[in-house]
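Visitor: I am new to reading structures. Could you walk me through a few features, one at a time?

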4 protein chains.
Amino acid sequence: MLIVMKPGAAAQEADAVINAIQKIGLRPHPMPGATRTAIGITGNQGPIDGRRFENLPGVAEVIRVTKPYKLITLDLRPEKTVVRVGNATIGGNELAIIAGPCAIENRDQAFAVAKAVHQSGARFFRGGVWKPRTSPYAFQGLGEKGWQIMTEIRKAFGLKIVTEALEEHHVDLIERHGDVIQIGARNMQNFSLLRRAGRSRQPVLLKRGMAATLEEWLLAAEYIMAEGNYNVILCERGVRTFTQHTRNTLDLASVPAIRRISHLPVIVDPSHGTGSAYMVTPLARAGVAVGADGLMVEVHNHPEVALSDGAQALTPSEYAQLIREVRAIRDVTTPIVNQGPIETKVA
Amino acid sequence: MLIVMKPGAAAQEADAVINAIQKIGLRPHPMPGATRTAIGITGNQGPIDGRRFENLPGVAEVIRVTKPYKLITLDLRPEKTVVRVGNATIGGNELAIIAGPCAIENRDQAFAVAKAVHQSGARFFRGGVWKPRTSPYAFQGLGEKGWQIMTEIRKAFGLKIVTEALEEHHVDLIERHGDVIQIGARNMQNFSLLRRAGRSRQPVLLKRGMAATLEEWLLAAEYIMAEGNYNVILCERGVRTFTQHTRNTLDLASVPAIRRISHLPVIVDPSHGTGSAYMVTPLARAGVAVGADGLMVEVHNHPEVALSDGAQALTPSEYAQLIREVRAIRDVTTPIVNQGPIETKVA
Amino acid sequence: MLIVMKPGAAAQEADAVINAIQKIGLRPHPMPGATRTAIGITGNQGPIDGRRFENLPGVAEVIRVTKPYKLITLDLRPEKTVVRVGNATIGGNELAIIAGPCAIENRDQAFAVAKAVHQSGARFFRGGVWKPRTSPYAFQGLGEKGWQIMTEIRKAFGLKIVTEALEEHHVDLIERHGDVIQIGARNMQNFSLLRRAGRSRQPVLLKRGMAATLEEWLLAAEYIMAEGNYNVILCERGVRTFTQHTRNTLDLASVPAIRRISHLPVIVDPSHGTGSAYMVTPLARAGVAVGADGLMVEVHNHPEVALSDGAQALTPSEYAQLIREVRAIRDVTTPIVNQGPIETKVA
Amino acid sequence: MLIVMKPGAAAQEADAVINAIQKIGLRPHPMPGATRTAIGITGNQGPIDGRRFENLPGVAEVIRVTKPYKLITLDLRPEKTVVRVGNATIGGNELAIIAGPCAIENRDQAFAVAKAVHQSGARFFRGGVWKPRTSPYAFQGLGEKGWQIMTEIRKAFGLKIVTEALEEHHVDLIERHGDVIQIGARNMQNFSLLRRAGRSRQPVLLKRGMAATLEEWLLAAEYIMAEGNYNVILCERGVRTFTQHTRNTLDLASVPAIRRISHLPVIVDPSHGTGSAYMVTPLARAGVAVGADGLMVEVHNHPEVALSDGAQALTPSEYAQLIREVRAIRDVTTPIVNQGPIETKVA
């Protein structure tokens, strides 16, 4: 941390800051400059909330230097994490495809979609059993009945099941019947739920919160890892901005930004990231081109009668076309991306 | 809902939309115009997700008309709700002041702050027992030990206790030892927690989510009310924007916007809303002047050694001065605000 | 436009709205519903500012239906515009590459970069002669001296010159010495400058404003076209959001959104769109994959001593690699994208 | 500036950074830490664009320390600037009120509004002669004909005339016929226009850009002051955010933030800051309570037929009531605010 004093700050004011630093057990490093003094701080184990110094007389600004995360970093683990789910992987050479309906509505719908997902060569089936809905009057998911359908699908198609947990006890059920625990955007900072997922042996798919900075998102992953579960997959799904032509603004730059900091795999959700079916395929292509490890896509056999998120669901044939397109791009970009860290690629 | 067709849309395309509307049991109202046709929809009980029609051929846009909330509206209950907590009120003539430290750290700190809060004439003491922290390595609150301190403060000063619940079982403890259940910004769409609070008999203080639209916030209140608990207090605490001089951007326009739609009381939190102690008092003044029913303010006897949020905590003497200032403004604005709904004030 | 009355609105209140509509020469269409009345408005030439009705008693909400633009729309011109600059095109089959330094600093720098741009097969050279800088103390460009260097480059390499105009009289100079007039993000709503560019015969590259909605951006293009210049190229360069890992958030969904509405070509600027060199190549790949007609990229022979925007400039060898990567993706996506409008691609 | 190396950075990488710093004439200060090295930079005159160092091998992050502005700071001028316009002031004891219609539409309208403004005791009349409109088809102002009306109003009521300049030659006309040059939000970074205003002897009212950080806004003021015109008044008018209940989000925290850094007066525009008449009065109250030096308010004698911005204009009687309310609040807050800098108010 660096505390910058105002140009006209008195020597006593700088001394008071120095004392305050020492008082909490840290070491101050005064650096007098031509126009003003800066005071570095060392000796901290992990980050400290230095903004408390901001109100001391003579202080102009407090600048944080140390990053608050550890386990997610390339410093800790320089090789990329490959999450294994049975014989499928996320973060390795394979482009991971997670597809399915927003919510499991009934057996016919779920099977029709699962068939299309399976035929495309995807390995993961997504489907909401419990749905977080903005309105209390909207369809909230089939609940545990949905698990019967999921269990049949898992058996019939060999697809890995990815489902969102809204509460801690949902994790128990996913552990019993599913394969990957999804934490949704609205729960990215539901710390009890993160800790519960961190005590699971199943991989966790962690969606970015609607207004989460990269740091907050990575710290949410750190929460899970701090409990012992290192199989975390990050999922960019767009953030809330002023724009109105999409439901969210898909922030694809988060993919190279994460690569530079973290060993965790990252996938892209162009369905929530745009909110409109006609945009899903172009943004899926972009997500693969930017270097994501996979995609999460909503598919519905009859989007126009879907009980939730119909506007952003692809039909099975649109989805099949999407898969052809993104595989073609992946074939072209794999040799590029796999050459090593992007920033050192060029001599 | 209104479905707007493209200028050159074929008659068959409009017919297909009309059929799709009828298929889900609603009534279409085609309105041909000079350059294009719009199709109104009626017959719906509650809002429908019309964005599904967006992908039908020939459709230019889908415009939602019906609002998805009911219980929070002035249509349902034209008089303002006054929440009563023992002999204190929020939403009535009294300016409600909720003050205290971010987190209960120890008995001395809690008592020193509670004394200042009591002396100011405030009726509510806030203090975190469990703290939602962005980093897993930050101080997470005293937990249930904190309740012993809280119980003593409640008895010693007669202050009403306001504490944030992070999990459903926290609500049990607040019901036993506290007075008002706070739902924090990060949990505004933790629907299980909202429903649990909705089944309580204690009032619920619902903070606005960091990226919540007014509608999403009011729907979160609707979740609580739909379970039977009508004593909801809304708390504006700033939203996330691109600005960097504050931690959040306090959106004071939400106060008149809520007044125009809802009967629920609304208070302002200038501490989280700014993140810097030097801004808390001016924004508290602004919050009262805009017409809020109360304030929530962080106070610490030694902000420079606070275990959390020290940068935004006021000292007891700064807090005492704030209270003097806001009461003076309240005295001036009360007759104005109480003349009736703001929009009909002027002949 | 649609005016939605409150549920309990009196018949006289609806009548007053109807009168206000007629007073400004338009036709009201009252549509009484089960719980409330909506009033449609027709008869308007172009959009009207209906928000004025918002304050009339009994009005709940005013919803705009008509879009305010005409010339940019596919309704007016269903085929995509191909902008021709000599033998180069933007919007046609060719992937348009516009590359060069942020600012022309001196002859050596400009020639070194131009050589790399030419070698890559790009047809357009960008370079700031006048620079809009946030600080008055930062390097402001070489001004007219820069034109001598530009003229030599144009002659030596046959590259088309793209330069930003900051003032109306800059357009005169670009018309004399350059090929494409660039309007920067900060001037997207400098309407005098837009009109001056609209009276030029040179193509105009219109960057999206930092906080511009799609509609505002398209209306800025409409300003240029309304003066008679139909050769407008849109350039997505990111928007301002709360995120901190990039300078701007590149909103790639604007590309399919524009395609659905407008015939104008659209390119992507991953340099300003990210602000960091290590992200430029992945986001350039994504820009081509999403379906953009071209890219605008900053290149500098010595980024570490650049007088402006060094952090986001690629070296010539990084740039050469970028071109190889995006051409490979273009080869894969061209047949896809050229099959026709994206939304009708799938049966 | 502070350059933070990665934890595992090699000594040669740090040396390369040190060399790069020296190459541009600055002094490096290596500070080795337990886990990583930071390198301070001194010797710079004004700020340097240090982000160029971000791409050097081994660099984790570049942190800027020096602020890029000078003339606007309290360091340069510790007393608050009071702008004098004839016998009226902005920034002194008087609460400055600038009121009038969005645009001058005709003589009757302008006189009716001016009469109300004059009766309220306000000293400044605002009115657009040229209007920046998002659509090229919207009313663009009366142009120079409007000046005849303005000249009559100035003479008849003794009001000071505040008008927005959209182009450099508009400044000539304002200098001849008006009193204060307004620079609008869309032109906050139109640097030619800022410089032209900086060469004027008239005060400049500088509105905050729609997506401007505090720093960018202050640097725009610095542009004007760098040309010699120190009479700059800042005007907070809201910023663009994701919220939908207002046209902009009024960021009242900018007022104390500016006070802490700058000697320039700052006023608040609740009309553009909200976009809806029913919110203007509460937010005007809040603007005065937060400590602004004045208000800018839109008034129209017939808002429902206004040619622009009718939705946010107050009627003369609503405006008169607003003035009574804000004066009452000003009376209460003046002794508070005038006690001195807010941050040193409390012992």
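Guide: Gladly! Let us start with one residue: Asp309(A) is buried, with a relative accessible area of 12%. Buried means under 20% relative accessible area, exposed over 50% and partly exposed in between, using a 1.4 Å probe and protein chains only. Before we go on, this is a predicted model, where local features need pLDDT of at least 70, side-chain atom pairs count only at pLDDT 80 or more, and totals for chains, interfaces and linings use all residues. Residues are numbered from 1 along each chain as its sequence is written, chains are lettered from A and ligands numbered from 1 in the order in which they are written, and side-chain values use heavy atoms, leaving out hydrogens and water.

Visitor: Where is Asp309(A) found?

Guide: Look in the loop between β14 (294-298) and α10 (316-337) of chain A. Helices (H or I, at least four residues) and strands (E, at least two) are DSSP runs, numbered from the N terminus.

Visitor: What is phi like in Asp309(A)?

Guide: Most residues other than glycine have a negative phi. Asp309(A), however, has a positive value, near 55 degrees. In chain B, Asp309(B) has a positive phi of about 55 degrees too, although it is not a glycine.

Visitor: How do I read the meeting of two chains?

Guide: The size of an interface is often given as the accessible area lost when the parts come together. That buried area is found with a 1.4 Å probe and summed over both parts. Chain C and chain A bury about 3700 Å² between them, 73% of it on carbon and sulfur atoms. Phe242(C), His245(C) and Tyr278(C) supply 18% of the area that chain C buries against chain A, more than any other three residues.

Visitor: How many salt bridges cross the interface of chain C and chain A?

Guide: A salt bridge needs a side-chain nitrogen of Lys or Arg within 4 Å of a carboxyl oxygen of Asp or Glu. Between chain C and chain A the rule finds zero.

Visitor: Which helix gives the largest share of the side of chain C that touches chain A?

Guide: That is α10(C), with ten residues.

Visitor: Is Arg259(C) buried or exposed?

Guide: Arg259(C), in helix α7 of chain C, is buried, with a relative accessible area of 18%. Leaving aside neighbours within four places in sequence, its contacts (heavy atoms within 4.5 Å) include Leu74(C), Lys80(C) and Asp293(C).

Technical notes. Buried area is the accessible area (1.4 Å probe) that two parts lose on being put together, summed over both.
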